[in-house]
Amino acid sequence: MNIVSEYLTVKEVATHFRLSNKQVYRLIHDGHINAVRIGGAVRIPRRELDRLDPNRSSSESDPTVDSPAQQELIGL
């Protein structure tokens with residue numbers, strides 16, 4: 001895995017958790033999601049998805065099921 005594929009965009013994370021980009025930026029700002037700046041762009045380490053949603057392989061198979069992490073993030 002190269003370094004580019006180890007980081008996700010805000011849009012990719014927002015899509016995964018079915019949130020808006022603005023909500024993801026707010027979660028980053030509030031310290032709920034770790035992120036870094038790479039070349040001026042905000043990127044989220046792929047391991048953050050594992051931390052926030054340890055069951056993501058099962059939740060990805062059924063997009064209608066809200067993951068525990070999504071429910072927790074929305075409740076913030």
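# Reading helix faces in a predicted model

Biologist: Where is valine 13 found?

Modeller: Valine 13 sits in helix 1, residues 10–17. Helices are DSSP runs of H or I, at least four residues, numbered from the N terminus. This is a predicted model: local features need pLDDT of at least 70, side-chain atom pairs count only at pLDDT 80 or more, and totals for chains, interfaces and linings use all residues. Residues are numbered from 1 along each chain as its sequence is written, and side-chain values use heavy atoms, with hydrogens and water left out.

Biologist: Is valine 13 buried or exposed?

Modeller: Cut-offs come first. Buried means under 20% relative accessible area, exposed means over 50%, and partly exposed lies in between (1.4 Å probe, protein chains only). Valine 13 has a relative accessible area of 1%, so this residue is buried.

Biologist: What does valine 13 touch, not counting residues up to four places away in sequence?

Modeller: Contact means heavy atoms within 4.5 Å. By that test valine 13 touches Leu8, Val24 and Ile44. Take valine 24: 11 residues separate it from valine 13 in sequence, and the C-alpha to C-alpha separation is 7.4 Å.

Biologist: Which residues of helix 1 are buried?

Modeller: The general idea first. An α-helix has 3.6 residues a turn, so residues three or four places apart point the same way. In helix 1, the buried residues are Val10, Val13, Ala14 and Phe17. Seen down the helix 1 axis, they fall within an arc of 100°, so they line one face. The arc is that of the directions from the helix axis to the C-beta atoms. The face turned away from the buried side of helix 1 carries exposed Lys11 and Thr15.

Biologist: Which residues are buried in helix 2?

Modeller: Val24, Leu27 and Ile28 are buried there. Down the axis of helix 2, these buried residues fall within an arc of 100°, so they line one face of the helix. Lys22 and His29 are exposed on the other side of helix 2.

Biologist: What follows helix 1?

Modeller: Arginine 18 follows helix 1, with a positive phi near 55°. That is a positive value in a residue other than glycine. Arginine 18 lies in the loop between helix 1 and helix 2 (21–29). Its relative accessible area is 42%, so arginine 18 is partly exposed.

Biologist: And what follows helix 2?

Modeller: Glycine 31, whose phi is also positive, near 85°.

Key:
Helices (H or I, at least four residues) and strands (E, at least two) are DSSP runs, numbered from the N terminus.
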